[in-house]
Amino acid sequence: MHFPLRFPARFLARFSVRLAVVVALVASVTTSIIGTPAHGSAAPLTGLTFGGVHNAYERAAYPYLIDALDAGNRMIEIDLWTFFGQWTVSHSNPFGNDNNCEQGATVGELRDSSRSQPFNRCLDNVKAWHDANPGHELLVVKLEMKDGFHDNRGKGPDELDTVLRDRFAGAMITPSTLRGGHPTPDAAARAGAWPSDTRGKILVYVIRGTVENDSLPTELEYARHLRDHPADAQVFPVPQGSYGGGDPRQGYEESLRPWFVVFDGGATSFAGLSAESRAFYRDYFTTVTGAHSVAPALDTYNPTPQQALDRTRQLGCLGATVVSSDWRTVPGWQGPHDRAAC
């Protein structure tokens, strides 16, 4: 004899709500996969859009830096101080490290060791994740040089090159990688020479720091280093004033302009450019920050997964390579997304 199962109405209501949440989450993640290029896609780097998170090194963002990587972020931002002759990672404290980087150098050693480590340890954490995920999508590391380089204290462009090269070597997409046989990165970018297969690769760029007060600002110092040592440089410098209309490189000495091919600025400014002005950036690597602020504004931290995905694709269709936000716990929006679907 079969007895029909009967459940209290309150149980069924709660179950229905939870089921709806699960279905919505699965749908959002599935939607994010549509338009995502397969391994070995022929889409050039500047034909893709990636999502990443602002200040991923802060404990308020993630308990551990590796959590930011496991969350699917394709770009992480790290604030770096150098004034006291140390690689110090902190948002506002130049005297000491305040971050979620650990001592561990392998995945098995992470999430159980002391945090607030120097920059070298942060890179060790990234290296551990990189080694454990050899086929990962492109990882972009954005370095804000809070107080600039201090070469006289042993923390200049060449020392930064060394700590990156020692850990990532051939995994780096460098200005030299882009150049190939072209005379400058600009010539290579305009010729469409950005790599099409970026699996397992890392790209690093530096921006001027918010408290930098230096006659030789970050981007100028590194651009000169890049021009003079093109085979050794591991990092792309970013000109100040991206997305203000016109070529932001015009304010720099003429010999440096062809060495700037990565740009970084506000998403609102980028979206507000005319189509003609945005067309200038078509061949270059572009990061847009504060994605939530583009009208209609989204929640700074917790839009719905679909809202985050739609905004990322919207900015990608306008030409953004990296969309940066504080959507730390929102799943499924980071891509990569192929702009051919626009």
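Okay, one cut-off before anything else: buried means under 20% relative accessible area. Keep that in your heads, because histidine 130 comes out at 11% and so counts as buried. And a caveat to go with it: what you're looking at is a predicted model.

Histidine 130 sits in helix α3. What does histidine 130 touch, once you leave out residues up to four places away in sequence? The list is His136, Ala171, Gly200 and Ile202.

The protein has 342 residues, and 51% of them count as buried. You can find 10 helices and 10 strands in there. If you take contacts between residues at least 6 apart in sequence, 68% of those join residues at least 24 apart.

Now, helix packing. Two packed helices are described by the angle between their axes and the distance between the axes. So let's do that for two pairs, and α4 is in both of them.

Pair one is α3, residues 119-132, with α4, residues 157-168. Their axes come within 10 Å and cross at roughly 25°. Angles under 35 degrees count as roughly parallel, so α3 is roughly parallel to α4. The crossing of α3 past α4 is right-handed. Who makes the contact? From α3 it's Phe119, Asn120, Leu123, Asp124, Val126 and Lys127, and from α4 it's Leu160, Val163, Leu164, Arg167 and Phe168. Sort the residues of that contact by type and you get 7 nonpolar, 1 polar and 3 charged.

Pair two is α4 with helix α7, residues 218-228. Here the axes are 10 Å apart and the angle is about 70°. Anything from 65 to 115 counts as roughly perpendicular, so that is what α4 is to α7. On the α4 side, the contact uses Pro157, Asp158 and Asp161; on the α7 side, Glu221, Tyr222 and His225. That contact of α4 with α7 divides into 2 nonpolar, 1 polar and 3 charged residues.

Next, the backbone, and I've got two cis peptide bonds to show you. One runs from alanine 295 to proline 296, with omega near -5°. Proline 296 is in the loop between β8, which is 285-289, and α10, which is 305-318. Another cis bond joins glycine 335 and proline 336, and there omega is about 15°. If you want to find proline 336, look in the loop between β9, at 322-325, and β10, at 337-338.

Asparagine 55 has phi near 45°. It lies in the loop between β1, residues 48-53, and α2, residues 65-70. Is asparagine 55 buried or exposed? Buried, with a relative accessible area of 2%.

Then there's tyrosine 243, where phi is positive too, about 70°, and again this is not a glycine. Tyrosine 243 belongs to the loop between β6, 236-237, and β7, 262-266. Its relative accessible area is 3%, so tyrosine 243 is buried.

Alanine 60 is exposed, at 67% relative accessible area. How many residues separate alanine 60 and arginine 328 in sequence? It's 268, and in space their C-alpha atoms are 9.9 Å apart.

And the other one is leucine 110, in the loop between β3, at 88-89, and α3. Leucine 110 has 6% relative accessibility, so it counts as buried.

Methods
Residues are numbered from 1 along each chain as its sequence is written. This is a predicted model: local features need pLDDT of at least 70, side-chain atom pairs count only at pLDDT 80 or more; totals for chains, interfaces and linings use all residues. Side-chain values use heavy atoms; hydrogens and water are left out. Axes are lines fitted to C-alpha atoms, for helices over the stretch in contact, and angles run from 0 to 180 degrees between N-to-C directions. Helices (H or I, at least four residues) and strands (E, at least two) are DSSP runs, numbered from the N terminus. Angles under 35 degrees count as roughly parallel, over 145 as roughly antiparallel, 65 to 115 as roughly perpendicular and the rest as oblique. A crossing is left-handed if the near helix is turned anticlockwise from the far one by less than a right angle, and right-handed if clockwise. Contact means heavy atoms within 4.5 Å. Ala, Val, Leu, Ile, Met, Phe, Trp, Tyr, Cys and Pro count as nonpolar, Asp, Glu, Lys and Arg as charged, and the others, Gly among them, as polar. Buried means under 20% relative accessible area, exposed over 50%, partly exposed in between (1.4 Å probe, protein chains only).
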